[in-house]
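Hi everyone, and thanks for coming.

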Amino acid sequence: MNAQFKKGVLELCVLVLLDKRDFYGYELIKQITSKIEISEGAVYPVLRRILKQGYCTTYLEESSEGPSRKYYHLTDEGKAYLQEQKKEYENFTEGVNALMEEDVYE
């Protein structure tokens with residue numbers, strides 16, 4: 001898949017998953033890579049950015065498998081932002097699909 005496509009939707013994928021439940025970083029990466037091939041390092045900058053923008057918060061939870069894990073939780077502001085992003089994405093894909101299906105006569 002085109003790297004620019006993936007780059008463009010990665011933030012949306014992260015927001016969609018965090019809306020479903022809280023994830024720690026590596027768990028989030030595994031969930032995304034089960035559907036889309038991405039580099040593991042691409043997700044952490046997105047997480048830092050949405051954390052800085054107040055769209056998510058973090059908390060530590062002890063793990064029986066090693067050190068504590070940092071979980072990411074979508075805030076109400078993040079949920080509102082997600083709804084905006086979903087609408088933009090749907091409008092974008094509808095436009096692209098319309099262009100792809102449209103017959104052009106000159």
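Helices H1 and H2 each supply at least two residues to the lining of the second largest pocket. A helix here is a DSSP run of H or I with at least four residues, a strand is a run of E with at least two, and both are numbered from the N terminus. What we are looking at is a predicted model, where local features need pLDDT of at least 70, side-chain atom pairs count only at pLDDT 80 or more, and totals for chains, interfaces and linings use all residues. Residues are numbered from 1 along each chain as its sequence is written, and side-chain values use heavy atoms, with hydrogens and water left out.

Which helix gives the most to that lining? H1 does, with six residues. The lining includes Val9, Leu12 and Cys13 as well as Gln31, Ile32 and Tyr89. By class there are eight nonpolar, two polar and two charged residues. Nonpolar means Ala, Val, Leu, Ile, Met, Phe, Trp, Tyr, Cys and Pro; charged means Asp, Glu, Lys and Arg; the others, Gly among them, are polar. The volume of this second largest pocket is about 220 Å³.

How do we find a pocket? On a 1 Å grid over the protein atoms alone, a pocket is an open set of points with protein on both sides within 12 Å along at least five of seven lines, whereas a cavity is a set where a 1.4 Å probe fits but cannot get out; lining residues have an atom within 4 Å of a point. Grid points are joined across faces, edges and corners, and the volume is the space filled by probe spheres set on the points.

The largest pocket has a volume of about 380 Å³. It is lined by 13 residues, and Phe5, Gly8, Val9, Tyr89 and Phe92 are the closest to its centre. Helix H1 (3-20) and helix H4 (76-101) are the elements giving two or more residues to this lining. Its classes are seven nonpolar, four polar and two charged.

Now, the helix packing. The axes of H1 and H2 come within 11 Å and cross at roughly 115 degrees. Axes are lines fitted to C-alpha atoms, for helices over the stretch in contact, and angles run from 0 to 180 degrees between N-to-C directions. That makes H1 roughly perpendicular to H2. Under 35 degrees counts as roughly parallel, over 145 as roughly antiparallel, 65 to 115 as roughly perpendicular, and the rest as oblique.

Where do they touch? Leu10, Cys13, Val14 and Leu17 in H1 meet Leu28, Gln31 and Ile32 in H2, with contact meaning heavy atoms within 4.5 Å. That contact has six nonpolar, one polar and no charged residues.

H1 also packs on H3: their axes come within 10 Å and cross at roughly 70 degrees, so these two are roughly perpendicular. Leu10 and Val14 are among the H1 residues in this contact, and Val43 and Leu47 are among those from H3. Here the classes are eight nonpolar, no polar and two charged.

Finally, H2 (residues 25-33) and H3 (residues 43-52) pack at about 120 degrees with axes 10 Å apart, so they are oblique to each other. On the H2 side, Leu28 and Ile32 are among the residues meeting Val43, Tyr44 and Leu47 in H3. This contact has seven nonpolar, one polar and no charged residues.
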